[in-house]
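Here is a short tour of a protein chain, written to be read beside the model. Keep the sequence and the 3D view open as you go.

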Amino acid sequence: VVAALLALGGCASTLSARVTTYQQWPVGTQGEYYRIVAEPQQAGNLEFGAFSDMLRASIGPTGLREATGDARARFDVRMQYGTELKQTWVQRYDDAYLNDGWMGPAFGGYYGGWGGWGGGIFYRPAVVTVPVDVYHNTLTVTITDQSQQGREVYRATAVHRSDADNLAAVMPYLMQAIFDDFPGNNGQVREVSYELPR
């Protein structure tokens with residue numbers, strides 16, 4: 001539980017994401033061209049433009065090249081992204097000292113009364129289950145092959161859970177997670193972690 005809360009907190013030194021990949025990637029694609037395709041609601045969107053730059057940086061090591069001008073692209077690359085607020089349940093110690101006032105339950109309550117070493121008061125906090133808001137920052141990248149009548153040949157989704165709505169901050173890591181070990185195994189689910197700058 002403590003590790004999970006640290007991973008959600010802003011003080012975490014690493015960022016983790018779960019990546020799910022489906023692929024039927026064709027052979028012999030080194031040097032082929034791709035084009036980033038905007039959905040109607042993304043066209044002209046500054047956020048989409050910034051995320052497209054991140055995609056270019058991450059897709060480069062795959063050996064694909066971006067088509068410019070009138071150059072014909074074999075692959076169309078699309079991305080969908082967003083943040084969804086969900087609620088999960090975690091266990092933590094109930095701080096009876098703060099919740100019930102000074103020494104409220106000390107006698108016969110959480111503190112267990114007199115006893116322990118030297119007859120002092122000992123503290124036995126209860127474990128309670130509480131709801132916690134968690135933001136699911138999600139990126140999905142799909143690639144279709146125009147030489148195969150636009151058939152989908154790659155689909156990967158990266159999800160990072162956080163206690164904050166910080167999609168823009170984590171997007172470079174989600175992009176990297178999508179293309180690390182590209183194209184990967186079909187139906188593969190993996191956890192990736194990245195060191196955060198200090």
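## Salt bridges across the chain

A salt bridge here is a side-chain nitrogen of Lys or Arg within 4 Å of a carboxyl oxygen of Asp or Glu. This is a predicted model, in which local features need pLDDT of at least 70 and side-chain atom pairs count only at pLDDT 80 or more, while totals for chains, interfaces and linings use all residues. Residues are numbered from 1 along each chain as its sequence is written, and side-chain values use heavy atoms, with hydrogens and water left out.

The structure holds seven salt bridges. In one of them, the side chains of Arg78 and Glu39 come together at 3.6 Å, N to O. Arg78 belongs to strand E4 and Glu39 to the loop between E2 and helix H2 (46-59), so this pair ties together parts that are 39 residues apart in sequence. Helices (H or I, at least four residues) and strands (E, at least two) are DSSP runs, numbered from the N terminus. For accessibility, buried means under 20% relative accessible area, exposed means over 50%, and partly exposed is in between, with a 1.4 Å probe and protein chains only. Arg78 counts as partly exposed at 24% relative accessibility, and Glu39 is partly exposed with 22%.

## Two more pairs to look at

Glu66 forms a salt bridge with Arg56, where the closest N and O atoms are 2.7 Å apart. Since Glu66 sits in strand E3 and Arg56 in helix H2, the pair ties together parts that are 10 residues apart in sequence. Glu66 is partly exposed, with a relative accessible area of 27%, and Arg56 is partly exposed too, with 32%.

Next, find Glu32 and Arg74, a salt bridge whose closest N and O atoms are 3.3 Å apart. The pair links distant parts of the chain, 42 residues apart: Glu32 is in the loop between E1 and strand E2 (33-36), and Arg74 is in the loop between strand E3 (65-66) and strand E4 (75-93). Glu32 is partly exposed at 24%, whereas Arg74 is buried at 18%. Glu32, Arg74 and Asp145 are linked in a network of salt bridges.

Asp145 lies in strand E5 and is buried, with a relative accessible area of 0%. A contact means heavy atoms within 4.5 Å. Not counting residues up to four places away in sequence, Asp145 touches Pro26, Arg74, Phe75, Gly150, Arg151 and Val153.

Asn137 is also placed in strand E5 (residues 127-145), and it counts as buried at 0% relative accessibility. Leaving aside neighbours within four places in sequence, the contacts of Asn137 include Gly82, Thr83, His160, Leu167, Val170 and Leu174. The side chains of Asn137 and Thr83 are joined by a polar contact of 2.9 Å; such a contact is a pair of N or O atoms within 3.5 Å, where within protein one must be able to donate a hydrogen and the other to accept it, and residues adjacent in sequence count only if both atoms are side-chain atoms. The C-alpha atoms of Asn137 and Arg161 are separated by 6.2 Å, although the two residues are 24 apart along the chain.

## Helix H4

How far apart are the end C-alpha atoms of helix H4? They are 18 Å apart, in agreement with the 18 Å that its 13 residues (167-179) should span at 1.5 Å a residue; the expected span is 1.5 Å times one less than the number of residues. H4 bends by about 25° at Tyr173, the bend being the angle between axes fitted to the seven residues ending there and the seven starting there.

Buried residues in H4 include Leu167, Val170, Tyr173, Leu174 and Phe179. After H4 comes Asp181, with a positive phi near 60°.

## Strand E1 and its partners

Strand E1 (residues 14-23) has a covered face made of Leu15, Ala17, Val19, Thr21 and Gln23, and an uncovered face made of Thr14, Ser16, Arg18, Thr20 and Tyr22. Two strands pair if DSSP finds at least two bridges between them. E1 pairs antiparallel with strand E7 (residues 188-195) over eight bridges, and Val192 in E7 is the bridge partner of Ala17. E1 and strand E6 (residues 151-162) also run antiparallel, joined by six bridges; here Gln23 stands opposite Tyr154.

## The whole chain

The chain has four helices and seven strands, in the order α-β-β-α-β-β-α-β-β-α-β along the sequence. Of its 198 residues, 36% are buried.
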